[in-house]
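Here are my notes on the model, as numbered points. Please read them with the structure open.

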Amino acid sequence: MALARLGQSLARLLHRPLYLPPTSPPPLKDYHASVVRSFAPTHTGACLRGFASLTYNASSMIAHKLGGPLPVLDLVIHLDHTRLMSTAAASKPNSPSAGARRVNLKIVMTSPGFIYEPYSPRERIPFWKRWFTLSGWRRTKEDIISEMKNAYAVSRLRKKTGYTKKQFYGEALNIYKEVNTLMAHGDTSALRKILTDRMHSTIKNELKRRQSKWSSVHWELVKPAVSIRTLRARMIGLDKKDLDKGFVQLTLEFVTKQKFEAYNSKGDVVSGDKSKEVLVKDIWVFERSLFHPGAYWRVCGRITL
C-alpha cells in the first residue's frame, strides 16, 4: 500500500506543468565604476593598444528560446553605445578664434574592467534530486545555460581567431610564467602589456605590500604543467548589430610545480626553499578582443576559491 501511494504521488508530480522562473541578469551596480576606470581619452579615430573606440551600457544581446514555457536565454552580456567628448575654447562671436575647429574625443575601451560571471565550483547533487525536485530542475536549467554560454563564446573565438585549445594552452602557460617572473623581479612596467589596466593596478599594490616584507624573491616554474583545463568561457558583446565586436574571457585552472624563496635586505632566506618543488593550483582569467586583428591575450583577473 505504501509503495502504491508513493507511485501515485510521483505520477501526480510528473504530470504537473513544469515552471522554471526566468533568471535575472547579473548585478551591474559595481561594473560601471570598473569600466569607467578602464577608459582613456584619445583623438577621434585613434586606437589604444589596437582596440576600437567603444563604451559601456549594460543590456542583453543574444536570445535563444528553448521549447515550451522556458524563458529567453541571454548568452552574452551586452555593452553598447559610443560616447563623444566635445571640447572648444569659449570665444566671442567676432573673435579670430570663433571659427576654431571643434575637437571630438572618443572614450576608448581597452577592457570591460570586470570578470563576467566569475567561476565558482558547483555542488554535486544526487540523481533523484536533480530530476524529481523543483530545485533540481532549476539547477539543471542553470547548468544547461552555462554550457550554452561556454559553447557560444568558444565558437565566436574560433571563428574570429582560429582558436585551438592546444595552441591557447601553450600561450596561456607562457603568459602565466612571464607574469610570475616579472612579479618576482618587480618589473611593473613590463607587466602592463600582458595585464588589463585593472589587473595591473592590483598587481602593483600587491608588489608594494610584498616589498615591505621581502627585499627580493626567487620564483621558478617547473615545466611541463601538471594540468591545464578550461573552467568557463564567456563573451561580452559591444554592438547589437555586429556580433564580432566584443571580448571573450576564458577562465583556466593551472596545476603546476614551482620553486620559491624570499630574501630580506641582507640576502638571508626568510621564506620558502628553492631546492623544493611545491604543487600550486591557480585560477586565472584571460581576456581577448575579437574586433581588432592586432588584439592579443591578457590577464584580466585571478579567482581565489
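1. Helices (H or I, at least four residues) and strands (E, at least two) are DSSP runs, numbered from the N terminus. Helix α4 is followed by Gly-162, whose phi is positive, near 70°. The model is predicted: local features need pLDDT of at least 70, side-chain atom pairs count only at pLDDT 80 or more, and totals for chains, interfaces and linings use all residues. Residues are numbered from 1 along each chain as its sequence is written, and side-chain values use heavy atoms, with hydrogens and water left out.

2. Helix α4 itself covers residues 134-161, which is 28 residues. From first C-alpha to last it reaches 41 Å, close to the expected 40 Å. That expected span is 1.5 Å times one less than the number of residues.

3. Phe-127, Trp-128, Trp-131 and Phe-132 form a nonpolar surface patch, with about 500 Å² of accessible area together. Patch members have over 30% relative accessible area and no salt bridge; like charges are joined within 9 Å, nonpolar side chains (Val, Leu, Ile, Met, Phe, Trp, Tyr) within 5 Å. Areas come from the Shrake-Rupley method with a 1.4 Å probe; for residues, only the protein chains shown count as cover. Trp-131 counts as partly exposed because its relative accessibility is 41%. The classes are buried (under 20% relative accessible area), exposed (over 50%) and partly exposed in between, with a 1.4 Å probe and protein chains only.

4. The structure holds 12 aromatic pairs. Rings of Phe, Tyr and Trp (its six-membered ring) pair if their centres lie within 6.5 Å; planes under 30 degrees apart count as stacked, over 60 as edge-to-face and the rest as tilted. Phe-168 and Phe-286 are edge-to-face, at 6.0 Å centre to centre and 85° between the planes. Phe-168 lies in helix α5 (residues 165-185) and Phe-286 in strand β11 (residues 278-289), so this pair ties together parts 118 residues apart in sequence. Phe-168 and Phe-286 are both buried.

5. Phe-168 has another partner, Trp-297. Their ring centres are 4.6 Å apart with planes at 50°, so the pair is tilted. It links distant parts of the chain: Phe-168 in helix α5 and Trp-297 in the loop between β11 and β12 (298-303), 129 residues apart. Trp-297 is buried, as is Phe-168. Ring pairs link these residues into a cluster that also holds Tyr-163, Tyr-169, Tyr-176, Phe-254, Trp-284 and Phe-286.

6. There are 11 salt bridges in the structure. The criterion is a side-chain nitrogen of Lys or Arg within 4 Å of a carboxyl oxygen of Asp or Glu. One of them joins Arg-234 and Glu-117, at 2.6 Å from N to O. This pair links distant parts of the chain, with Arg-234 in strand β8 and Glu-117 in the loop between β7 and α3, 117 residues apart. Arg-234 and Glu-117 are both buried. Check the backbone of Glu-117 too: its phi is near 50°, a positive value in a residue other than glycine.

7. Asp-143 and Arg-122 also form a salt bridge, with their closest N and O atoms 3.3 Å apart. Asp-143 is in helix α4 and Arg-122 in the loop between β7 and α3, 21 residues apart. Asp-143 is partly exposed, at 21% relative accessible area. Arg-122 is partly exposed as well, at 39%.

8. Glu-206 and Arg-302 meet in a salt bridge at 2.3 Å, N to O. Glu-206 is in helix α7 (residues 197-211) and Arg-302 in strand β12, 96 residues apart. Glu-206 counts as partly exposed at 24% relative accessibility. Arg-302 is partly exposed at 31%. Elsewhere, salt bridges that share partners join Arg-122, Arg-130, Arg-139, Glu-142 and Asp-143 into one network.

9. Strand β8 (residues 216-237) deserves a look at Pro-224. A cis peptide bond joins Lys-223 and Pro-224, with omega about 0°. Gly-237 is in strand β8 too. Gly-237 is buried, with a relative accessible area of 0%. Its C-alpha is separated by 6.0 Å from that of Ile-77, 160 residues away along the chain.
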